[in-house]
Amino acid sequence: MDFLVSHFAEILFYILAALAVLGSIGVITLKNPVHAALSLLGTFFIVAVLFVLQHAEFLAAVQVMVYAGGIMVLFLFVIMLVSVKGLKTQAAFLSPLIPVAVIGAILVGALIASAVLLGVFATGNAGPEALQMVDGEILGNTEAVGMVLYTKYLVPFEVVSVVLLVAMIGAIVFGRKDRFIGEHEGEVGS
Amino acid sequence: MPEPILQLLLIPLIKIVVLLVVVLLIVAYLTYAERKILAYMQVRLGPNRVGPKGWLQPVADGLKLFVKEDLVPGGAEKLVFMIAPAIVMVPALVMFAVIPFGEPFQIAGMTVTPYLADINIALLFILGVSSLGVFGIILGGWSSNNKFSLMGGLRSAAQMVSYEIPMGFAVASAVLMAGTLSMVGIVEAQRAAHIWFFLPGILGFGIYWVCGVAETNRNPFDLPEAEAELVAGFHTEYSGMKFALFYLAEYANMMIVSAMAVVLFCGGWLPPFPNLLAGLWALPVLAWIPGAFWFLAKMSFFLFCYIWFRGTFPRYRFDQLMNVGWKWLFPLSLANVMLVALGVLLLKG
């Protein structure tokens, strides 16, 4: 009982981490795309809870808000493009991906190894308030993220927003096939 | 029982039970109020058979829905069909955890807070959790294997995703004025400013309320369940208790939107007219009225507005709905945030 109480956060972390891993395995192995998307939603939700465990409440809320909207669009694509009846007979698309998975595992392993060697994880013992500090004062995660984002990382932040804007305009341009493709290929049936 | 366990587990558990019971009771009688008020607006009597003046009608409805046969359509995606009502209902109830119904008070030497949690991201929590509810609606519509359900679900998704954006900006204008994301902090900021935020933020308040009505799929924005076109929309194939969950979640969401309007723009649990009647509120008789009374009174007003709208406005067409959302509310809310930010900057330095 004492062990449970004193290590509650750690135990919770490992349970949630295991669930998150299970959820992400579900995303790539479930045959029904809607189930896979639901699994993805669950995984993101658990990651948000992991953020809360690290006292990063703002990140947790933003995680849920941003990804909930993102997966919503994914759902719409699935519903628009896949019919329910065709799902049952669809073969698992996992086997051709095994070489890709091996390469991916090697790359992720190399990434983790280099992170460990460079000491990225060495600051892990900074205490529960590390993500809530503004100028050495505990104000809260929202303030801390805002302060860092709009002072220290202002230029990368603005650059990223321009990149996102470009991607958005690009999507709209590609979506308007009547003006840009239609000129060369005539009417595109829809 | 040792003290910390009492503090950590027992008191929150009691609060959760009380909160759930009260919320579900209000939800049940909100359906009764809606039928009664609509009836009077249409010069009818409304439910008047079960109990005196129909007071027991919600109980009878609940019993009926419990014992009804629970149908699952043949071609339905069973698992998703089963969990969709839960995905709608759970977020609707979870959001009540951060709604402050009143100010902390003393009882038997203990300080009791009439809310479950005062977290510093309460508003983001509500916005995030509320965005999960739409999944239940679209999944319910999709898994029913019914054209009308699917259309209703898709409409609902488009509508809720569109109106979430101006709503977020309207909420942001109140946050700018308060300088905090905590619900309790926002009410305290209105007490300190001696003014409710709907006066300086009248535009934001209006946008918030329109978007709030649209987010809950209520008249005049109830296209996802437009009965003339879609039978009953996303819950066409649902029956019994699963249908009841969709139905209750809609009313719980109405309560959340009303409670948010009260907290963000109408001073939460503070008594009305803080400036004009400051001397009056100092009177011991009136000061004795608990804050929760004012909170519930204001919330009831907004809930009445919901029903009033339903009795008054015709339904939008879908293209009109999208035009209002994207061409009017979105630019207006963006301009409003900039105006409020400028005002806050000039006034507070």
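In this predicted model, the side chains of B:E34 and B:R218 meet in a salt bridge, with 2.5 Å from N to O. The two residues link distant parts of the chain: B:E34 lies in helix α1 (residues 3-41) of chain B, and B:R218 in the loop between α7 (202-215) and α8 (227-230) of chain B, 184 residues apart. A salt bridge here is a side-chain nitrogen of Lys or Arg within 4 Å of a carboxyl oxygen of Asp or Glu. Over all chains, the structure holds 6 salt bridges.

Between chain A and chain B, the rule finds 0 salt bridges. On the side of chain A that touches chain B, α3 (33-53) and α4 (57-81) each supply at least two residues. The largest share, 12 residues, comes from α4(A). Helices are DSSP runs (H or I, at least four residues), numbered from the N terminus.

In total, 23 residues of chain A are in contact (heavy atoms within 4.5 Å) with 24 residues of chain B. The area buried between them is about 2000 Å², of which carbon and sulfur atoms give 81%. Buried area is the accessible area (1.4 Å probe) that two parts lose on being put together, summed over both.

Local features need pLDDT of at least 70, side-chain atom pairs count only at pLDDT 80 or more, and totals for chains, interfaces and linings use all residues. Residues are numbered from 1 along each chain as its sequence is written, chains are lettered from A in the order in which they are written, and side-chain values use heavy atoms, leaving out hydrogens and water.
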